[in-house]
There are 4 protein chains.
Amino acid sequence: MDHLDLRQYAVHTDLALEAKELAETANGGPIPGVLSELLDEDGIKVSRVHVQTEQGSRAIGKMPGRYVTLEIPGLRNQDTGLQDKVATRFAQEFESFLERAGVGKSARILIAGLGNWNVTPDALGPLVVENVMVTRHFFELMPDQVAPGYRAVSAVAPGVLGITGIESSEIIQGIVEKTRPDAVIAIDALASKALERVNTTIQIADTGIHPGSGIGNKRKGLTKEILGVPVIAIGVPTVVFASNIVNDCMRLLEDHLAAHAANSGTQIMGLMHKMDENERLQLVREVLQPLGHDLIVTPKEIDQFIEDIANIIASGLNASLHDAVDTSNVAAYTH
Amino acid sequence: MDHLDLRQYAVHTDLALEAKELAETANGGPIPGVLSELLDEDGIKVSRVHVQTEQGSRAIGKMPGRYVTLEIPGLRNQDTGLQDKVATRFAQEFESFLERAGVGKSARILIAGLGNWNVTPDALGPLVVENVMVTRHFFELMPDQVAPGYRAVSAVAPGVLGITGIESSEIIQGIVEKTRPDAVIAIDALASKALERVNTTIQIADTGIHPGSGIGNKRKGLTKEILGVPVIAIGVPTVVFASNIVNDCMRLLEDHLAAHAANSGTQIMGLMHKMDENERLQLVREVLQPLGHDLIVTPKEIDQFIEDIANIIASGLNASLHDAVDTSNVAAYTH
Amino acid sequence: MDHLDLRQYAVHTDLALEAKELAETANGGPIPGVLSELLDEDGIKVSRVHVQTEQGSRAIGKMPGRYVTLEIPGLRNQDTGLQDKVATRFAQEFESFLERAGVGKSARILIAGLGNWNVTPDALGPLVVENVMVTRHFFELMPDQVAPGYRAVSAVAPGVLGITGIESSEIIQGIVEKTRPDAVIAIDALASKALERVNTTIQIADTGIHPGSGIGNKRKGLTKEILGVPVIAIGVPTVVFASNIVNDCMRLLEDHLAAHAANSGTQIMGLMHKMDENERLQLVREVLQPLGHDLIVTPKEIDQFIEDIANIIASGLNASLHDAVDTSNVAAYTH
Amino acid sequence: MDHLDLRQYAVHTDLALEAKELAETANGGPIPGVLSELLDEDGIKVSRVHVQTEQGSRAIGKMPGRYVTLEIPGLRNQDTGLQDKVATRFAQEFESFLERAGVGKSARILIAGLGNWNVTPDALGPLVVENVMVTRHFFELMPDQVAPGYRAVSAVAPGVLGITGIESSEIIQGIVEKTRPDAVIAIDALASKALERVNTTIQIADTGIHPGSGIGNKRKGLTKEILGVPVIAIGVPTVVFASNIVNDCMRLLEDHLAAHAANSGTQIMGLMHKMDENERLQLVREVLQPLGHDLIVTPKEIDQFIEDIANIIASGLNASLHDAVDTSNVAAYTH
């Protein structure tokens, strides 16, 4: 129903981590104004990218702000134990992220689950809304009786433009103006440039949602400027362009060749070896698009994955938003 | 998740037609201030009830205003031909209804599909939203290119309090204030007092949605007073209280006995014969409620029915809202 | 799609416990040839009915054999803790039941999940099949590598006559002849005569499935005579006839009146007080059926309930069929 | 749950048409023993491939027999009019196919819908079963009353090994032995080597289903040898290996370069230009597999597509199997 604009000028990715890597490769080194650090434990890789300056922002094509990315290749294996560990880790990261973003312990939260119920790889947001614990109505209807350790949380799935005729941004704006939360958490399915990151990665960002990001084509964003309150975005790549799969494979092929024989790159891959990634992607698209082959694809197992990751995020949100919900066993509060 | 308040004082029904019949039986004749007329053709019975005065309103327990009810017993048989006829008839009735309600040909419409996706008998509203044709975004994004014969229609499913933590009334209010439609059409699943009307009846009303009506327990309504624009309600009874089934059966039993033997009513049914319907229902509830037996029930075939009736309403709305969609073949525009 | 035959001659119930109670009321005391015992602990009521003679069988209208019924009124409240307790208790009862039925520890099992995916109250069987652990393919493909404590279990959902054009009994027969299990466990949704037992009761029986039982109208049964191996039936009432709700309410009304004023029964209920249950039900049906009002209904919350009870049964089966799965924590093996 | 074996030795495709094209490219011309013809009208391309000899069979890696392929690139656009045209055309092709395969007008048919309900791109078979018209039970229960122009059709969805613990081949065998149809029609989702054929192609074959074909990994086939009656297979590619997308893109790149500059192929693509397709795919896999990147993917819009194509096939089957169903308006008989 809704389609991604093709970013003609660059590899399309919604992940700041990928954008940074691309820019570094092109630049031959670190990008000024973009700080990053990496942790790797227990099969969970946590990257923190901080885009500090406008210059850095332009260089990687992402808004200034903080981005935390959890990469968990093992998520593909449907291991319930690992899923619990990821929920706990996500809860911890998200809790500190909220703190750094100045969203206090008792700030009232509106969770906005973007995307389309009926398109499995785009259903992440609505599924999180369905699974997360909401409490705002208790605070409204019987404020004296709410146990300590909880805050007011509400959650809506605004639908997509093709179904509603209204930008999801406008719907959320209307609800924010009516219900006055202190912060918005926006959940969205994303596009990655690498098939390996699809269904294995969670990105948290304090930049909100910007036009053109996510699977649906958003013409208006969800940002602090628009909503008047901080917007934390949680995204999971669930799709990839066919052209990106091809391009990414060529990159891996180069690495592979480089590792095996010093000079064979050019010999085997010809000029494609010397092209930078954007040029090569350009060439691939020139070939695929007129034939209608540059489809957006998702792994065959998407139904199960979307359900699992929605549960992980809902559990993690419950634990990080309510002190009364223990981060050591977050899954119990979510069905 | 959300439950009906038990109306202790009276038989609960969301249908004005049933409320009027109850009041007439109690009153032994027509209710002052409540006009009604009845048409019956092609297996479709159309009743028009006009509650003209406050007195009439109090007598039947329904807001002053106009109510049109379509009763189609044959809908139970999953007859595709009949469904098309009902969609066409509904479109005609709804078109004149809009006119009488002062909603003009080019008035911009917001359709609000109330209810819960995950509770089949409460999923009517969201299903209509999913199936109806929306056009508002074309008017917003390329107003010059919209063909004549269309108007701006948008549609949202706000979810239920237990999922969102926000009254659906507040969500719709926020969206109305942001998008400024000229009228709202609210779709909701209802409770009937008679099992025979479940899944066979469509009610249209110009009174909006009031607290306590519908399957979900709404504390705040969707009315012209609240939203500032006319609110047309479309409702379909999909559930009934067990106590109402019992009570209704006793009424039928009386009619049956009366038809067969003049005096046997009292003999066979004892004092229950002499009780009025409210007293009897009171007695039935006294028995059922402490045992937890006064459940809200729905016919076994609800899954298929909800899908069919949502299609009928979506098709009918398409035809009545857009002149370019022909009422003679409304189904084609809906999937 | 498939409908119950109306049993003209008697109150329809698929529960032996209800059939026994009905017969006892009519008989004014215990039925010869029908033994029963009752345990009640932790909110779980366990009844064991043993129909020992042909005479007893005729008197209650159920096949000779053993019937165990778990009644858990609290299941209506969606309490996860209670659900785990019920799964554990069901596993224990089922394990002893298998033993008494002569189905040994290593007997290979075929689970047959009867019913229709697309009709929520009839979807119990297919949902259990989807959630239960199957192991037969490991025994077939790598028998040496199966850990001790498991047995060969397979599971199929044969569909319903209206979808397949084949009696589910014939499909299961074909699969039994091909795969040669030592016993069949058949799961089916049932009709109860009392709304209170709907969604709160599990019946286990060693009599197999007989024509006319279950929600779908089975013309051929699943029995030891037909399949050549023992057939254990697990059933959960998910629907009730409207006429049974009325009749059952009248019975409760009588009890209520009897408890409050010695002689008022006749006065208030007239001759209906003196009718026996079958006569009264006959009268109720005479009234409801010509009007098409004797629908089969299910509680509004059926979607959530069916999912919960399917999980309970799947967990319970996993624990009772495999020694390696601990009855103290059966839920973990089921998703 | 079930995964494709990687065919190490060759490009994996379930389409005979693709296998033939690959072999012809490698061979530099037509393959002896493999006849083919091509028709193109109204946006529907119909190819007929006849593998006449064992030699031809070995050369293209497909069983001897007849294969008809409908390619309809426009199916991606969700055009209802085109869908009706495709259903009609498919019905005509399938009817002549049955005739050529010696399956007579009154032959009793069993439709076997292979695949997994819960994995969207693998749900084609079960969805066709749900939508197709079954009649066998009428012939069994009231043979005198069946109108002329119909034949006995039944339909089952046997499930997948991971859910049932039984090979679907064994389940179908058991049902065939019990119900004695004259022919089996097996529906299955397939893998293509080219993303462009995913969701746009229907293959009909008289060779049955062979181990390793389809999305699920079938260890035992559904063939005339096994079932004793002719088996017609209908398959639709719904997935593709990531490595095939890359490989296919390289082939397109070559064509593209060849069309633009005579000699630039080698220059730009290096040695990869000179590799044959199998070698190149080998190289791509060497790179992708160790990284776990050679996923099986499906287009993002798979949910809607699977529903549409299942309807097309069900409508087409209804029209071709029953003379009383008119090929000019097949869609009406299917919901």
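Leaving aside neighbours within four places in sequence, C:Ile111 is in contact (heavy atoms within 4.5 Å) with C:Val129, C:Val132, C:Val153, C:Ser154, C:Ala155, C:Val156, C:Ile185, C:Ile187, C:Leu317 and C:Leu321.

C:Ile111 has a relative accessible area of 0% and therefore counts as buried; the term means under 20% relative accessible area, with exposed meaning over 50% and partly exposed the range in between, for a 1.4 Å probe and protein chains only. The C-alpha atom of C:Ile111 is separated by 9.7 Å from that of C:Val231, although the two residues are 120 apart along the chain.

## Basis of the values

Residues are numbered from 1 along each chain as its sequence is written, while chains are lettered from A and ligands numbered from 1 in the order in which they are written. Because the model is predicted, local features need pLDDT of at least 70 and side-chain atom pairs count only at pLDDT 80 or more, whereas totals for chains, interfaces and linings use all residues, and side-chain values use heavy atoms, with hydrogens and water left out.

## Chain A as a whole

Chain A contains twelve helices and nine strands, and 62% of its 335 residues are buried. Among the contacts in chain A between residues at least 6 apart in sequence, 73% join residues that are at least 24 apart.

## Helices H4 and H12 of chain B

Helix H4 (residues 124-131) and helix H12 (residues 302-321) of chain B pack with their axes 8 Å apart and at an angle of about 50°, the axes being lines fitted to C-alpha atoms over the stretch in contact and the angles running from 0 to 180 degrees between N-to-C directions. H4(B) is therefore oblique to H12(B), since angles under 35 degrees count as roughly parallel, over 145 as roughly antiparallel, 65 to 115 as roughly perpendicular and the rest as oblique.

On the side of H4(B), the contact is made by B:Leu124, B:Leu127, B:Val128 and B:Asn131, and on the side of H12(B) by B:Ile306, B:Glu307, B:Ile309, B:Ala310, B:Asn311, B:Ile313, B:Ala314 and B:Leu317. These residues divide into nine nonpolar, two polar and one charged, where Ala, Val, Leu, Ile, Met, Phe, Trp, Tyr, Cys and Pro count as nonpolar, Asp, Glu, Lys and Arg as charged, and the others, Gly among them, as polar.

## Aromatic pairs

Over all chains, a search of the whole structure finds six aromatic pairs, which are rings of Phe, Tyr and Trp (its six-membered ring) with centres within 6.5 Å, called stacked if the planes are under 30 degrees apart, edge-to-face if over 60 and tilted otherwise. The rings of C:Trp117 and D:Trp117 have centres 5.1 Å apart and planes at 50°, so this pair is tilted. Each of the two residues lies in the loop between strand S4 (109-113) and helix H4 (124-131) of its own chain, C or D, so the pair joins two chains. C:Trp117 is partly exposed at 28% relative accessible area, and D:Trp117 is partly exposed at 27%.

The rings of D:Phe90 and D:Phe94, with centres 5.6 Å apart and planes at 25°, form a stacked pair. Because D:Phe90 and D:Phe94 are four residues apart in helix H3 (residues 80-100) of chain D, about one helical turn separates them. D:Phe90 is buried, with a relative accessible area of 0%, and D:Phe94 is buried at 0% relative accessibility.
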